[in-house]
Amino acid sequence: MAQGKWELDAAHSEIEFKVKHMMITNVKGNFDGFKIDVDAEGEDFKNALAKVVINTASINTRNEQRDGHLKSPDFFDVEKYPTITFEATSLENEQIKGNLTIRDVTRPVVFDLEFAGIQKDPWGNTKAGFIVEGKIKRSEFGLNWNAALETGGVMVSDDVKFSADIQFIKAQ
């Protein structure tokens, strides 16, 4: 069966993350700039090829000072490393496996994947939806900045949880 192109519906897609701050609350944010390319056989997405490219400078936690720190060499170093990439190697059994690259460090990862289905919109476009959830250890990708707390613990958790709600439009 021939491969079919699916285009990101950016208006109906988002990538969000949360990190424990001072060991007591979560700080949440998202990336406003990203693109995803998908080639898939049919509409079941078996053997799909997918590549995600996230613009690190598009990080948004709704706090300008914190965003500036996250863009600095302490974290993403957006001048030196302008993108985060994920290349899928398989989509099966409600999981997506692939290689995640942050700050030029590439590691194999496995995330939970929910295929939310396919629908036709009122204008005749075929759309597909996915929900991806996962967790990484930021230190495994060179994101090591932290500060010790007076009462024990650290300022920023090593665990970063994320979720992505992604909608695609089948290319005509």
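Predicted model: local features only at pLDDT ≥ 70, side-chain atom pairs only at ≥ 80, totals over all residues.
Read from the N terminus, the order of the elements is β-β-β-β-β-β-α-β-β-β-β-β. The radius of gyration is 17 Å, close to the 16 Å that the globule rule gives for 172 residues, so the protein is as compact as a globular protein of that length; the radius is taken over C-alpha atoms, and the rule is 2.2 Å times the number of residues to the power 0.38. Along the principal axes, the C-alpha atoms fill a box of roughly 60 × 30 × 30 Å. Of the 172 residues, 41% are buried, and here buried means under 20% relative accessible area, exposed over 50%, and partly exposed in between (1.4 Å probe, protein chains only).

Let me turn to the pockets. On a 1 Å grid over the protein atoms alone, a pocket is an open set of points where a 1.4 Å probe fits, with protein on both sides within 12 Å along at least five of seven lines, and lining residues have an atom within 4 Å of a point. The largest pocket has a volume of about 990 Å³, a volume being the space filled by probe spheres set on the points, which are joined across faces, edges and corners. This pocket is lined by 43 residues, and those closest to its centre are Ile15, Phe17, Phe31, Val160 and Phe162. Its lining has 36 nonpolar, three polar and four charged residues, with Ala, Val, Leu, Ile, Met, Phe, Trp, Tyr, Cys and Pro counted as nonpolar, Asp, Glu, Lys and Arg as charged, and the others, Gly among them, as polar.

The second largest pocket has a volume of about 270 Å³, and 16 residues line it, with Asp44, Phe45, Lys46, Leu91 and Glu92 nearest its centre. Two or more lining residues come from each of β7 (83-92) and β9 (105-120), and β7 gives the largest share, four residues. By class, this lining divides into six nonpolar, five polar and five charged residues.

Leaving aside residues up to four places away in sequence, Glu16 touches Gly29, Asn30, Lys161, Phe162 and Ser163, where contact means heavy atoms within 4.5 Å.

Finally, the backbone: most residues other than glycine have a negative phi. Arg62, however, has a positive phi near 65°; it lies in the loop between β6 (59-60) and α1 (64-71) and is exposed, with a relative accessible area of 60%. Arg103 has a positive phi near 55° and sits in the loop between β8 (95-102) and β9, but Arg103 counts as buried, at 17% relative accessibility.

How values were computed. Residues numbered from 1 in each chain as written. Heavy atoms only, no water.
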